[in-house]
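Take a moment with the sequence and the fold before reading on.

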Amino acid sequence: MLNLKKCLEDYFSERFGVDSDFWKNYNVYLLGNSIWLTSYNLEPKYKNISCGLRALRIKDSELKSLKPTTYILQYLDNHIKTNIVDVDTEDLKKLFNGGYLENNILDNGYVALRYKGYIIGCGMKNSSGVKNQIPKKRAKQLEKIIDEKLPD
């Protein structure tokens, strides 16, 4: 039988350096094509209603291709130790407008985007560089906040 919690622990440990002990007080369950995270004593009562935080989207049937959500990366924030791309305001605007950031240091795969010390979402590093993976609506919200409230 598939151990979803172990799958989640291994993924975040290997890709982002998150300590496996972080997950001990959480419950993990599968709904649709996603692995969800809840508090330890909470499990969904109904099969088709989600509760908690979507942690990983499953891209294939063998759980070999997993995509972290922006929200889990934000939640993990300072627990993430590896595969972080620090961005400034100019970088973010480039990413939000569909551009790539050069990066020849990190291996290909998902990365955590960090702005002013805070993880703000997910990116994808490939041979072209780093591309934004933050949902469009959330990216627009972040861009508005950055433009209005956060001086460089």
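Which residue of β7 is the bridge partner of I84? The partner is A112. This is a predicted model, in which local features need pLDDT of at least 70, side-chain atom pairs count only at pLDDT 80 or more, and totals for chains, interfaces and linings use all residues. Residues are numbered from 1 along each chain as its sequence is written, and side-chain values use heavy atoms, with hydrogens and water left out.

Stay with that pairing. Strand β5 covers residues 84-87 and runs parallel to β7, with 4 bridges between them. Strands here are DSSP runs of E of at least two residues, helices are runs of H or I of at least four, and both are numbered from the N terminus. Two strands pair if DSSP finds at least two bridges between them.

β7 also pairs with strand β8, residues 118-126. This pairing is antiparallel and has 7 bridges. In it, L113 has G121 of β8 as its bridge partner. The hairpin of β7 and β8 has 2 residues between the strands, and K116 takes a positive phi near 50° there.

How enclosed is strand β7? Of its 7 residues, 109-115, 6 are buried, so the rest of the structure largely encloses the strand. Buried means under 20% relative accessible area, exposed over 50%, and partly exposed in between, with a 1.4 Å probe and protein chains only.

Now move to a loop. T69 sits between β4 (66-68) and α2 (70-76). Its relative accessibility is 6%, so T69 counts as buried. Leaving out residues up to four places away in sequence, T69 touches R54, A55, L56 and R57. Contact means heavy atoms within 4.5 Å.

Next, look at the lining of the largest pocket. Its residues include L95, F96, K131, N132 and E143. α3 (89-96), β9 (129-132) and α4 (136-149) each give two or more residues to this lining. The largest share, 4 residues, comes from α4. A pocket is an open set of points on a 1 Å grid over the protein atoms alone, where a 1.4 Å probe fits, with protein on both sides within 12 Å along at least five of seven lines; lining residues have an atom within 4 Å of a point.

Finally, step back. The protein has 4 helices and 9 strands. Along the sequence they follow the pattern α-β-β-β-β-α-β-α-β-β-β-β-α. Of the 152 residues, 44% count as buried.
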